[in-house]
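Please open the model in your viewer and keep the sequence panel beside it. The tour below moves from one selection to the next and says what is found at each stop.

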Amino acid sequence: MAQIYCQFDSDRAPQGKEIEMNKENTEKLMRDFPTLYRGYKKPLTESLMGFGFECRDGWFQLIYDLSKELVAMDSKLEAVQVKEKYGTLRFYVGGATDAVFNLIFAAEEKSSGICEVCGSMQDVKTGPDGGWVRTLCGACRGKEEKEDAD
């Protein structure tokens with residue numbers, strides 16, 4: 001299994017900005033890929049999936065598509081953590097082949113062009129947001145800047 005380093009990302013989140021996927025999307029991933037996300041109910045000492053999906057809903061489709069490809073490639077694969085870090089997706093698994101890692105790296109790279117809030121691929125930029133690196137489209141960045149100003 002991959003080495004696991006625990007980071008309490010919620011402690012680093014910008015004030016009032018959740019970095020967790022909503023319940024509906026989380027349940028769909030768990031229901032459709034129960035073997036891949038079996039670590040969700042394990043102790044945190046064995047899998048960080050107990051924290052859930054530590055990213056926003058804009059990457060749901062990317063994660064769903066990646067999950068589908070991973071399960072088709074290796075039905076015994078287990079995700080140990082899925083999160084946002086430095087504005088891009090991080091998807092950690094235990095014991096995988098080069099082909100699996102190549103799929104994961106491609107999805108992580110693709111996440112830099114997808115708004116982590118709404119999933120748009122238009123006018124997306126990765127950059128600082130109050131000390132936090134975020135990947136947002138122009139509309140979501142503008143909305144969040146307005147909310148921060150209020």
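**A contact on a strand**

Begin by selecting Thr-88 and Arg-90, whose side chains are joined by a polar contact of 2.3 Å; a polar contact is a pair of N or O atoms within 3.5 Å, where within protein one must be able to donate a hydrogen and the other to accept it, and residues adjacent in sequence count only if both atoms are side-chain atoms. This is a predicted model, in which local features need pLDDT of at least 70 and side-chain atom pairs count only at pLDDT 80 or more, while totals for chains, interfaces and linings use all residues. Residues are numbered from 1 along each chain as its sequence is written, and side-chain values use heavy atoms, with hydrogens and water left out.

Stay with Thr-88, which is found in strand β3, residues 88-94 (strands are DSSP runs of E with at least two residues, helices runs of H or I with at least four, numbered from the N terminus). Thr-88 counts as buried because its relative accessibility is 14% (buried means under 20% relative accessible area, exposed over 50%, partly exposed in between, with a 1.4 Å probe and protein chains only). Leaving aside neighbours within four places in sequence, select Trp-59, Lys-83, Glu-108, Ser-111, Ser-112 and Thr-135, with which Thr-88 is in contact (heavy atoms within 4.5 Å).

**The aromatic rings**

Next, display the aromatic side chains, among which the structure holds five aromatic pairs (rings of Phe, Tyr and Trp, the last by its six-membered ring, pair if their centres lie within 6.5 Å; planes under 30 degrees apart count as stacked, over 60 as edge-to-face and the rest as tilted). One of them is formed by Tyr-37 and Phe-53, edge-to-face at 4.9 Å centre to centre with 75° between the planes. This pair links distant parts of the chain, since Tyr-37 lies in the loop between α1 (23-32) and β1 (53-54) and Phe-53 in strand β1, 16 residues apart.

Tyr-37 is buried at a relative accessible area of 2%, and Phe-91 counts as buried at 3% relative accessibility.

Then move to Phe-33, Phe-60 and Tyr-64, which ring pairs link into a cluster.

**The whole chain**

Finally, zoom out to the chain, which has four helices and five strands. Buried residues make up 44% of its 150 residues.
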